[in-house]
Amino acid sequence: MYRSTGWKRGLFSIAITLMALFSAFPLAAAEENPTSQRLIAAVPESFPPYYKLDREGRPTGFAIDVMDAVAAEADLQIEYRVMPTWKEVFAAAKVGGVDLIPNVGATESRRSFLDFTASVETFPISIFIRSESKASIQTVDDLIERSVGVVKSNVGAKIVAKRDDLNATQYESFEQALFALLSGQLDALIYPGPVGWKLATEAKQERALATTAAPLTEIKRVIGVRKGEAQLLTTLNEVVSAFVTSAEYRTIYHRWFAAPPPFWTKELLLWVFAAIFITTLLLFGVWRHRTLVAIKNDLSREVQQRTHALEERVEAHQRAEASLAESEARARSIIENSADGIVTIDPRGLIQIINPAACAMFGYREAQVVGQNVNMLLPKDERAAHDDYVHNSDLHEPRIINKARDLFGQHSDGRQFPMELNVSGIDIAGGRMYVGIMRDITERKHAEDQLRSAKFEAESANEAKSSFLSSMSHELRTPLNAILGFSQLLESDPESPLNEDQLESLTYISKAGEHLLELINQILDLAKIESGTLSLSIENISANDAIESCRVMANTLAKKSGVTFEDRTAGIDLPPLHADRTRITQVLLNFLSNAIKYNREGGSVVLESEVIPEHYLRILVTDTGHGIPKDLLDNLFQPFHRLNAEGGEIEGTGIGLSITKQLVQMMGGNLGFETAEGKGSTFWFELPLAVDEELASESTLVGAHKEINYQIAANVDHEYTVLYVEDNPANLRLIERLMKKVEHVGLVSASNAEDGLELARSLLPNLILMDVNLPGMSGIEALHELRRDALTEKIPVIAISAAALPGNIEKGLNEGFDEYLTKPIDVNEVLRVISQVIDKE
């Protein structure tokens with residue numbers, strides 16, 4: 001038996017030795033011939049399985065094995081030069097630094113610097129997909145509007161780049177692209193088929209992949225020969241054509257592209273089975289002898305083991321009892337020392353356990369409540385409902401179990417208090433039990449009541465503030481309406497022109513009125529910002545149009561102040577912005593007016609712009625003024641702080657910059673400045689660029705000072721009547737003087753709503769101008785009366801009011817006014833409204 005085994009082992013060793021000798025034979029045949037032609041070949045560092053480096057840094061792979069075999073057949077010596085990437089390989093070939101490239105794709109772009117041998121292999125560019133995508137992706141046309149991945153610098157990337165209908169994402173390596181495909185980020189991956197399957201197999205992901213039936217394309221892979229080597233090309237062509245049909249070529253291809261050989265070959269299985277059979281026979285004899293001895297020993301051990309097991313069971317039972325007692329003691333300690341009240345009841349609602357915290361909460365001793373119905377801890381009017389919950393627990397459990405809720409408990413002295421209760425159900429040997437954890441939340445409820453009270457007071461104060469601002473706006477705008485309105489009439493009255501002194505005085509009046517109106521508007525803006533009620537109309541706007549609307553006013557103000565204004569944005573096509581057009585104009589005008597007002601005589605102001613990489617447009621305003629002292633910088637954006645300019649001749653409110661900063665931030669932008677005392681300052685703000693290039697049509701801003709057009713309509717052939725209901729004599733006088741200059745329109749007036757209603761019913765005017773805040777009946781109440789009367793319900797009614805907050809305007813339009821004009825009035829706006837009514841008739 002042992003001799004036979006040794007003989008077989010010796011035979012096995014001889015076979016292994018012969019295999020080693022046969023495998024070494026090609027090495028001996030491949031030794032260098034001193035007379036062979038020596039060539040330099042360029043190869044990339046890594047392009048498996050075609051090219052890669054072994055542990056010693058030498059090139060290996062399918063391309064190297066094929067090149068070595070071809071070189072041996074053609075009597076050539078090859079020196080390989082390893083280069084980092086394909087880019088360096090092609091660069092060396094282009095300048096003639098190498099003689100050949102062992103394996104390269106035969107593309108038209110490479111024919112300019114390489115000649116190609118016969119094809120070494122056909123190289124399919126495959127479409128890799130997930131296995132479950134076979135049904136939905138079968139051809140390249142199925143990839144349209146899907147996510148496709150390619151690897152940078154790979155031929156697949158170049159092929160896809162030529163197709164406009166494919167949306168491809170590039171990756172640095174196949175491994176990154178493969179992960180994106182398997183994780184669902186990609187629908188398909190385009191890559192050379194043999195290389196892709198090899199890498200996927202090495203990553204053990206081949207079962208998760210599939211390829212479409214037809215590849216994207218096929219590329220011939222050849223040996224690339226330097227231009228001008230005709231003899232070498234002819235030699236290699238002959239050798240390659242014969243070699244690709246040889247068994248050696250198939251062996252090399254199988255080695256690098258086929259699946260690895262199985263470990264369990266037929267020969268190995270025969271040797272293993274023989275060894276098992278011999279070992280089994282040997283062990284059987286030994287087993288028979290030992291079995292009899294083992295039976296005897298087993299019986300003895302069985303007795304000992306059972307005795308030991310019984311002892312261990314007794315000890316384990318004792319340990320379990322001790323552990324249970326310890327656990328019960330620990331649980332009891334937790335329950336008794338918990339700050340929250342804990343009560344356990346049975347399915348009938350009877351109290352089984354109550355901890356000291358619950359006893360203290362309800363004012364009972366433990367003995368007084370254990371065994372009693374738990375409803376004794378609730379107010380009397382809630383006990384019946386609680387009993388229903390207990391008796392129908394299966395129905396009510398989903399709404400109660402493990403859900404905290406607030407309710408009232410009742411103390412033993414009858415006092416009720418708020419508490420939080422959370423009930424959970426547990427199943428134990430005795431049946432279903434319920435554990436309630438409760439907490440006295442009297443202090444929390446008190447704090448909540450105080451918080452609600454404080455919130456109510458704050459809201460009331462805010463409403464009072466808004467009411468005050470609305471009232472103040474109305475009271476200030478009413479006299480301003482007369483001041484600015486009559487100033488416009490005097491300034492443009494062709495029948496009674498003013499002399500230079502009168503015009504100068506009128507200018508001061510208008511300027512003072514406009515300054516007061518600006519102060520009112522800024523105070524209202526600041527109040528709306530602080531209360532969070534300021535609304536913005538964010539949309540895509542033209543930056544050039546916004547700047548253009550400010551340029552004229554800036555030029556006018558600069559000329560009056562003796563300052564040079566330069567707009568460096570003129571002629572530049574600026575990108576559109578995503579902002580509020582009105583507010584961006586307000587911000588830019590504030591910067592420009594400050595730069596001009598606080599400049600030196602003969603100074604300059606420059607307006608510039610620049611695009612910030614983070615998708616913002618920055619607008620800068622630079623002046624040559626006095627700069628801002630360092631000790632005043634902290635107060636620069638504080639409202640009503642003019643940085644020691646309060647006693648100067650320059651008018652200002654001190655809140656413009658504060659409003660400007662908050663407006664820019666509300667529009668998603670940033671604001672900043674740079675200043676040097678004695679040299680000047682640069683203020684800038686930046687706003688986000690538009691989300692797309694298509695801008696809504698922008699209306700053109702109209703200058704504040706314009707000529708009044710008294711011609712309201714053409715082809716008027718009869719008289720029209722306008723009824724004006726106004727209690728302020730100055731405002732009434734203003735509209736009367738305005739209407740005298742308008743042909744074919746007669747004005748009738750009333751000082752209160754009651755008289756206005758009588759005149760409306762008797763005269764049936766073509767238009768009614770209605771003040772909102774009237775003595776007695778308000779303008780809104782009068783509007784409702786007009787709409788209820790069949791005679792007057794169709795007459796257009798326009799509100800003219802000093803209540804100019806957005807809420808006032810919205811309310812007036814909702815009440816039914818056809819339009820809502822605010823004081824101080826714009827004369828042309830009033831004439832426009834009258835003209836519209838006449839045109840409709």
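Residues are numbered from 1 along each chain as its sequence is written, and side-chain values use heavy atoms, with hydrogens and water left out. Because the model is predicted, local features require pLDDT of at least 70 and side-chain atom pairs count only at pLDDT 80 or more, whereas totals for chains, interfaces and linings use all residues.

The protein chain has a mean pLDDT (the predictor's confidence in each residue, from 0 to 100) of 81, and 83% of its residues reach 70 or more. Over residues 1–32 pLDDT remains under 50, and the model has six contacts beyond four places in sequence for this stretch; a contact denotes heavy atoms within 4.5 Å. The pLDDT is also below 50 over residues 693–706, a stretch with 20 contacts beyond near neighbours in sequence. Where pLDDT is low, the predicted coordinates should not be read in detail.

The secondary structure comprises 23 helices and 29 strands, taken as DSSP runs (helices: H or I, at least four residues; strands: E, at least two) and numbered from the N terminus. Of the contacts in the protein chain with a separation of 6 or more, 66% are between residues 24 or more positions apart.

Of the 841 residues, 39% count as buried, a class defined by under 20% relative accessible area, with exposed over 50% and partly exposed in between (1.4 Å probe, protein chains only). C359 counts as buried because its relative accessibility is 11%, and C550 is buried at 0% relative accessible area. With a disulfide defined as a pair of cysteine sulfur atoms within 2.5 Å, the count is zero.

An open sheet of five strands shows parallel pairing in the order 26-25-27-28-29, where pairing requires at least two DSSP bridges between two strands. Strand 26 (745–750) and strand 29 (819–822) form the edges, each pairing on one side only. From one strand to the next the twist averages 20 degrees. Strand 25 (residues 720–725) runs parallel to strand 26 and is joined to strand 26 by six bridges, and Y720 stands opposite V745 in strand 26. Helix 20 (residues 753–763) lies across strand 25, strand 26 and strand 27 (767–770), at about 140 degrees to strand 26; axes are lines fitted to C-alpha atoms, for helices over the stretch in contact, and angles run from 0 to 180 degrees between N-to-C directions.
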